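Here are some questions and answers for a reader who is new to this structure. Each answer ends on the value or name asked for.

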Amino acid sequence: MKTEMNLLLQALFLSLSLCLLPFVASEIQLGSKLVVGEENASWVSKNGDFALGFFTPPGLPNRFSIGIRFNSQSIPSDQRKVVWVAGAGVSVSDNASYFELTSDGDLVLFDSSLGVPVWTSKTNRFSVHSVFSSVSSALLGDDGNLVLLDDKEEIVWESFDTPADTLLPNQKLKAFEMLRAASESSRSSYYSLHMVGSGRLELRWESNITFWSSTNQEAVKKRENLSAVLTPEGALLVSHQDITKPVWSVFGEDHNDTVKFRFLRLDRDGNLRMYSFQESSRTWRTVWQAVENQCRVFATCGSQVCSFNGSGDSQCTCPYNAFASKCLTPYQKLSCKSGFSMVTFENMELYGIYPANDTVVSPVSSLRCKKMCLEDDACTAVTYKNDVEKTQCVMKLTRYVSGYYDASLSSVSYVKTCLDPRAVDPSKGEVVGSVTKKSHSVCLSCLLGVTSTTFVLFLAFQVCVIVYVYKRKKKEAVKRAERVRNPNPKGVVVFSVDEIKEMTNDFEDNIGPKMFKGVMSENELVLVKEIEGALTEERKFRSSAAKIGTMHHKNLAKLEGYCCERGKRFLVYEYAKNGSLLDHHAKNLTWRRRNDVCLSVAKALFYLHSECREFVSHGSLSLGNILIGEEFEAKLTEYGFGSCAADKDVEDFGKMVLALVTGGYEEEWVYREWIEGRGETVVDRSLEGGFDVEELERVLRISFWCVQVDERLRPSMGEVVKVLEGTLSVDPPPPPFVCARSSATNSSESGQSLYESVRE
């Protein structure tokens, strides 16, 4: 009863505080500016507890982000945590870069080395995208909320509505919003916390693997207008806006204790934690975490195995060091020529992460489990789980595997390894010399003279070679250091045209349309793609490249660098062994792989449209800018440089899918064959009938919805993903190649819509 009363009082206090929003802070005038490198450059709240200024992100020396941090004198300087970052991780270089509240009412983070703004609040009243009233000033509140106010002192924009990885007390995480863990050096985090529409919190890895949630029946019943909030007393609640009783709640260990500073953060290791500042020790203490066992956080060790050391701290180790050069499962089908065996790891669970598509068989014996992997060419490792209730055989089909080791686990894992002979260690070899006796007499002085001359010439040659190699390596080292000193945001390297030519050996190895194989320093293979320079203005191109550096998704090709000079535009991506989809769709891809490509590209577009901090379009999706990796996984390129609406990407996706499935038949003919009941005739003949009829029907239906001339009828990419996954069914589409605006209007009047055509 006491707990319920406390919750009631907290909820009433929270509702009142959120409604009244008392701001006690120093006013920030239009035109105010913070410049990198200026001493004591910050905007401070009136009570001094929070400050906004530049800081150096961990792992990114000589880079600067702008953010809000704790600033109280009671907190040691090294304990003043950052609680909000503009652009959720965007950074700038150069001491002339700045953060400004412009005279037009826009917050702008400007990178002087690029000559472009890399983040704005989009509150400029003159912007065509702005829906805001005129901004007259800004305030950093005593609660850590940065707000923009109009002449009536009403809130136009607030940092509490754009969280990064942290929630402060009274800050809400609303439905369909998320936190993303801070970046690791130049890579965006895989981990995110989502407030989903059904009223629950979900911790996810790569947006599609949920490894923790706050699901409960009460939340499902009251799913409208639910949001998560951290209370000043140390409780995390999921609550309806109009009720005082939360539908879900957890409490920190020091709940209701007198604690001045608290925050909730999604940490880099993927766990969600609540922190309280301890006045006695002057340190932050974890008072609650979502996943108690850190090794149960999905892929917390990447492709290594998580375990606990003697101190009880989690650690990451690689169990394959004895027979692999890097921490990937050692078996590769094409390189394993002399058969293979299984290496046993007791008390260990393994699971695939790229992709996370383990095959589960139950019930089964340990011997049968191991044999199944040996007999499957695609299997790299297998885990046998001998639980009390049932036995399971979990088969891994990828070399990217993570895991958990603990002596208490009953699981046994078997890792497939090749039996190919290994090279002999040179240090153990012996060199045996032999002497051949000859009867011919030899002029000893002549032999000595010739030998001496030869030795001197050889020594001189060696010295010349050493000097040449030294100078060349020094030159390359200078170039590498220069690139390290001058990366754009998130570590994307800026190359010159000459460096691109050197990297590609003057564009010698063409592996696709305007696509070349290249080699960076340390012999790292890359893919260099030339794009039309006239289509992209230089400032916009550089700004887009800066934004792309903050994006990460397994189906987006990682941008290593770019070149923008002399009217040329080059993008340098991670290397894809199998080139572009344009080279493979008619010969090497099975139906299963084509279907997987469609789903992968759909997920990548959904990420760009809905899961980035702001909407990002592709603008020019085609078979030519989809790469195929070593495991035939699809990776999207040239994303982020377009400026179209979402429905244009949806249309291009539909056309791409039709081309991939049919091998390039004319779209209207494909629709006519399908609508007349001859859908199987449109499939690419190279498949020779090897396709799934049900999947074909699903793919064709959603494709025809995507290419509707009336863009109002096109689905969102989120709906497309669900249809391709088989979790949504979809009605037959109308003829897509004629304008259907009048009929669409009539349909909507009669109650029919796309959202009824796509249903669970």
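Q: Is the disulfide of Cys-373 and Cys-379 left-handed or right-handed?
A: A disulfide here is a pair of cysteine sulfur atoms within 2.5 Å, and Cys-373 and Cys-379 are joined with S to S at 2.0 Å. The torsion about their S-S bond is about -95°, so the disulfide is left-handed.

Q: What kind of model is this, and how are its residues numbered?
A: Residues are numbered from 1 along each chain as its sequence is written, and side-chain values use heavy atoms, with hydrogens and water left out. Local features need pLDDT of at least 70, side-chain atom pairs count only at pLDDT 80 or more, and totals for chains, interfaces and linings use all residues, since the model is predicted.

Q: Are Cys-373 and Cys-379 buried or exposed?
A: Buried means under 20% relative accessible area, exposed over 50%, and partly exposed in between (1.4 Å probe, protein chains only). On that scale, both Cys-373 and Cys-379 are buried.

Q: Which elements does the disulfide of Cys-369 and Cys-393 link?
A: The sulfur atoms of Cys-369 and Cys-393 are 2.2 Å apart, and with 80° about the S-S bond the link is right-handed. Cys-369 is buried at a relative accessible area of 0%, and Cys-393 is buried at 0%. Helices (H or I, at least four residues) and strands (E, at least two) are DSSP runs, numbered from the N terminus. The pair links parts of the chain 24 residues apart, namely helix H3 and strand E31.

Q: What is the relative accessible area of Cys-316?
A: Cys-316 forms a disulfide with Cys-301, their sulfur atoms 2.0 Å apart, and with -75° about the S-S bond the link is left-handed. Cys-301 lies in the loop between E24 and strand E25 (305–308), and Cys-316 in strand E26 (residues 314–317). Cys-301 is buried, with a relative accessible area of 9%. Cys-316 is partly exposed, and its relative accessible area is 38%.

Q: What is the bridge partner of Tyr-384 in E33?
A: Strand E30 (residues 381–386) and strand E33 (residues 412–418) run antiparallel and are joined by 4 bridges. In E33, the residue bridged to Tyr-384 is Val-412.

Q: Is the ring pair of Tyr-190 and Trp-205 stacked or edge-to-face?
A: Rings of Phe, Tyr and Trp (its six-membered ring) pair if their centres lie within 6.5 Å; planes under 30 degrees apart count as stacked, over 60 as edge-to-face and the rest as tilted. A search of the whole structure finds 32 aromatic pairs. The centres of Tyr-190 and Trp-205 are 5.3 Å apart and their planes at 15°, so this pair is stacked.

Q: How many residues apart in sequence are the parts tied together by Phe-263 and Trp-284?
A: The ring centres of Phe-263 and Trp-284 are 4.9 Å apart and their planes at 70°, so the pair is edge-to-face. Phe-263 lies in strand E22 (residues 262–266) and Trp-284 in strand E24 (residues 283–289), so the separation in sequence of the parts they tie together is 21 residues.

Q: Which residues does Asp-151 touch, not counting residues up to four places away in sequence?
A: Asp-151 lies in the loop between strand E11 (146–149) and strand E12 (155–158), and it is exposed, with a relative accessible area of 67%. The C-alpha atoms of Asp-151 and Ser-134 are separated by 7.6 Å. With that exclusion, the residues touched by Asp-151 are Ser-134 and Ser-136.

Conventions:
Contact = heavy atoms within 4.5 Å. Pairing = 2+ DSSP bridges.
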